[in-house]
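Hi everyone, thanks for coming. Please have a look at the chain on the screen, and I'll walk you through it.

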Amino acid sequence: MDERQHQVIARWERRWLVAGVVMLVVFVVLIAYSLITQGGHIVHGGGKLAPNAVQNVPLFASPGVRELSSGDFQVGVVARAFAFDPSDIVLPVGARTRFYLTSVDVLHGYLIQGTAVNIELIPGQLAYFDYTFAHPGTFHVVCDEYCGINHQDMVGTITVVPVAAYRQRQAAGDLPGHVVPPGTAGSAAAAARTAAPVDGQHVFDANCAACHQQSGQGHPGAFPPLAGHAPELYLADRSYPIDVLLYGLQGPITVAGKGYDNAMPGWSQLSDAQLAAVANYTMQAWGNDGALGSDYRPYTAAEVADARAASMSAADVRALRGTLGLP
Ligand code: CUA
């Protein structure tokens with residue numbers, strides 16, 4: 001091409017560049033104008049998970065499948081454009097499974113085809129649900145919220161296999177999407193644990209530490225501390241901590257001067273003995289025992305069984321907290 005054609009092309013390139021910059025400026029001015037004149041405001045996240053919770057909460061820092069005890073599973077899933085982490089999961093038939101999900105960028109969905117599960121994943125918010133797959137099969141997972149150019153590629157699978165096949169794959173190390181806890185030797189260790197008397201620390205580490213941390217310190221802005229806080233609950237009302245464990249807690253609370261507005265799920269799937277043990281562990285760990293006073297008595301499984309007879313929602317538990325004078 002000659003020099004003249006070259007100049008023509010260069011001139012058009014410049015014009016388009018200028019046009020692009022002008023459009024950007026126009027958009028910024030329009031947005032600023034509408035914010036000022038319409039009294040609009042920019043929404044800062046949902047305030048549910050701290051911005052760095054995804055890096056610091058083990059459940060999301062290393063997402064995947066965890067077997068908490070024989071037959072009880074926990075799955076952490078992080079959604080981002082344009083993939084689920086993990087995308088492919090294997091579970092045994094009949095596994096009682098609690099899924100925890102979040103999105104780190106835009107609105108995504110988690111729809112498991114062939115089931116009624118269809119969860120909206122809002123950036124910065126924690127979503128969870130319980131599900132038990134009753135039959136073997138392959139279930140396709142899709143993102144059903146339009147999230148961008150490769151939205152249609154945002155897929156995954158949940159493969160549900162018979163328990164024997166699952167244990168075989170576990171022995172062979174062939175379980176995609178699984179987080180292998182350090183020092184866990186699979187079913188033999190799980191069997192030994194379930195045969196032993198209930199150890200509150202074990203129940204805590206397996207179920208509660210993902211949010212409240214093994215140190216009981218929680219995670220600022222996302223999950224309140226139990227160190228220093230659990231005795232306050234006991235002293236306000238001995239039965240209240242058991243209600244929280246059984247029915248969860250939903251609504252804004254203040255602990256040690258910091259606000260929290262997350263949803264704690266109820267743990268009624270744990271046994272009475274497990275819940276009593278974890279309540280006792282929580283009251284006595286991290287120096288909490290020093291704040292309990294001389295009237296303290298450990299919880300019994302029978303007390304948990306009594307509390308199960310009541311039926312409360314997580315929001316009811318928040319209202320109850322208010323009546324006890326707790327912020
Ligand atoms: Cu993610 Cu559509």
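First, some housekeeping. This is a predicted model, where local features need pLDDT of at least 70, side-chain atom pairs count only at pLDDT 80 or more, and totals for chains, interfaces and linings use all residues. Residues are numbered from 1 along each chain as its sequence is written, and side-chain values use heavy atoms, with hydrogens and water left out.

So, the overview. The chain has 11 helices and 14 strands; here helices (H or I, at least four residues) and strands (E, at least two) are DSSP runs, numbered from the N terminus. Of its 327 residues, 41% count as buried. By buried I mean under 20% relative accessible area, with exposed over 50% and partly exposed in between, using a 1.4 Å probe and protein chains only. The chain exposes about 16800 Å², and carbon and sulfur atoms supply 59% of that; these areas come from the Shrake-Rupley method with a 1.4 Å probe, and for residues, only the protein chains shown count as cover. Among contacts with a separation of 6 or more, 64% are between residues 24 or more positions apart, where contact means heavy atoms within 4.5 Å.

Now let's zoom in on helix α8, residues 240-247. How many residues of α8 are buried? The count is 8 of the 8, so α8 is largely enclosed by the rest of the structure. They run from Tyr240, Pro241, Ile242 and Asp243 to Val244, Leu245, Leu246 and Tyr247. And what covers them? The cover includes α7, β11 (249-250), β14 (263-264), α9, α10 and α11.

Let's follow one of those partners, α11, residues 314-323. The axes of α8 and α11 come within 9 Å and cross at roughly 160 degrees. Axes here are lines fitted to C-alpha atoms, for helices over the stretch in contact, and angles run from 0 to 180 degrees between N-to-C directions. The two helices are therefore roughly antiparallel to each other; angles over 145 degrees get that label, while under 35 is roughly parallel, 65 to 115 roughly perpendicular, and the rest oblique. On the α8 side, Tyr240, Asp243, Val244 and Tyr247 meet Ala314, Val317, Leu320 and Arg321 of α11. That contact divides into 6 nonpolar, no polar and 2 charged residues. Just after α8, Gly248 takes a positive phi of about 80 degrees.

Next, the backbone. A cis peptide bond joins Ala81 and Phe82, with omega about 5 degrees, and Phe82 sits in the loop between β2 (72-80) and β3 (83-85). Another cis bond runs from Asp85 to Pro86, with omega near 0 degrees; Pro86 is in the loop between β3 and β4 (88-92).

Gln213 is not a glycine, yet its phi is positive, near 70 degrees. Is Gln213 buried or exposed? At 16% relative accessibility, Gln213 counts as buried.

Last stop: Gln74, in strand β2. Gln74 is buried, with a relative accessible area of 5%. Leaving aside residues up to four places away in sequence, Gln74 touches residues including Leu59, Arg66, Tyr100 and Asn207.

Technical notes
Ala, Val, Leu, Ile, Met, Phe, Trp, Tyr, Cys and Pro count as nonpolar, Asp, Glu, Lys and Arg as charged, and the others, Gly among them, as polar.
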